[in-house]
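Please look at the sequence and the structure first.

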Amino acid sequence: MPCRVLADVAVSVSELKKNPMATVAAADGLPVLVLNRHEPAFYCVPAKAYEELIDQLEDLELNRLADARSADGQAPVRVSLDEL
């Protein structure tokens with residue numbers, strides 16, 4: 001069955017078990033697709049990449065919240081950084 005591959009590096013579960021840190025290092029900081037019987041099982045994501053992903057998701061949520069609040073028709077309230 002066709003599947004979407006979202007990584008440049010793919011390894012089998014067996015390969016990952018042999019040396020997990022070498023597998024992660026081979027991807028040069030990018031996610032690794034782990035295959036089980038030639039089917040995608042999961043992605044192994046380095047800590048730094050995961051932290052960046054979470055930061056981006058938080059930014060998207062904050063932007064969505066700001067857009068929703070600005071769409072209510074009320075005028076924005078100006079504040080300085082010192083007031084925060």
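Lysine 48 has a relative accessibility of 59%, so this residue counts as exposed, the cut-off being over 50%. The model shown here is predicted, and the values below are computed from it.

How many salt bridges does a search of the whole structure find? The search finds 2. One joins the side chains of lysine 48 and glutamate 52, with 3.7 Å from N to O. Both of these residues belong to helix 3, where they are 4 residues apart, about one turn of the helix. Glutamate 52, at 42% relative accessibility, counts as partly exposed.

The side chains of glutamate 61 and arginine 64 also form a salt bridge, with an N to O distance of 2.6 Å.

| Residue | Relative accessible area | Class |
|---|---|---|
| Lysine 48 | 59% | exposed |
| Glutamate 52 | 42% | partly exposed |

**A negative patch**

Which residues form a negative surface patch? They are Glu51, Asp55, Glu58 and Asp59. Aspartate 59 is located in helix 3, which covers residues 47–70. Its relative accessible area is 46%, so aspartate 59 is partly exposed. A residue needs over 30% relative accessible area to be part of a patch, and aspartate 59 has 46%.

**The strands**

Strand 1 covers residues 9–12 and strand 2 covers residues 32–36. In which sense do strand 1 and strand 2 pair, parallel or antiparallel? Their pairing is parallel, over 4 bridges. Within this pairing, valine 11 stands opposite valine 34 of strand 2.

Strand 2 also pairs with strand 3, residues 39–44, in the antiparallel sense and over 5 bridges. Here valine 32 has cysteine 44 in strand 3 as its bridge partner. Strand 2 and strand 3 form a hairpin with 2 residues between the strands. In this hairpin, arginine 37 takes a positive phi near 55 degrees.

Key
Residues are numbered from 1 along each chain as its sequence is written. This is a predicted model: local features need pLDDT of at least 70, side-chain atom pairs count only at pLDDT 80 or more; totals for chains, interfaces and linings use all residues. Side-chain values use heavy atoms; hydrogens and water are left out. Two strands pair if DSSP finds at least two bridges between them. Patches are made of residues with over 30% relative accessible area and no salt bridge: like charges are joined within 9 Å, nonpolar side chains (Val, Leu, Ile, Met, Phe, Trp, Tyr) within 5 Å. Accessible areas come from the Shrake-Rupley method with a 1.4 Å probe; for residues, only the protein chains shown count as cover. A salt bridge is a side-chain nitrogen of Lys or Arg within 4 Å of a carboxyl oxygen of Asp or Glu. Lys and Arg count as positive and Asp and Glu as negative; His and the chain ends are not counted. The place of a charge is taken as NZ of Lys, CZ of Arg, CG of Asp or CD of Glu. Buried means under 20% relative accessible area, exposed over 50%, partly exposed in between (1.4 Å probe, protein chains only).
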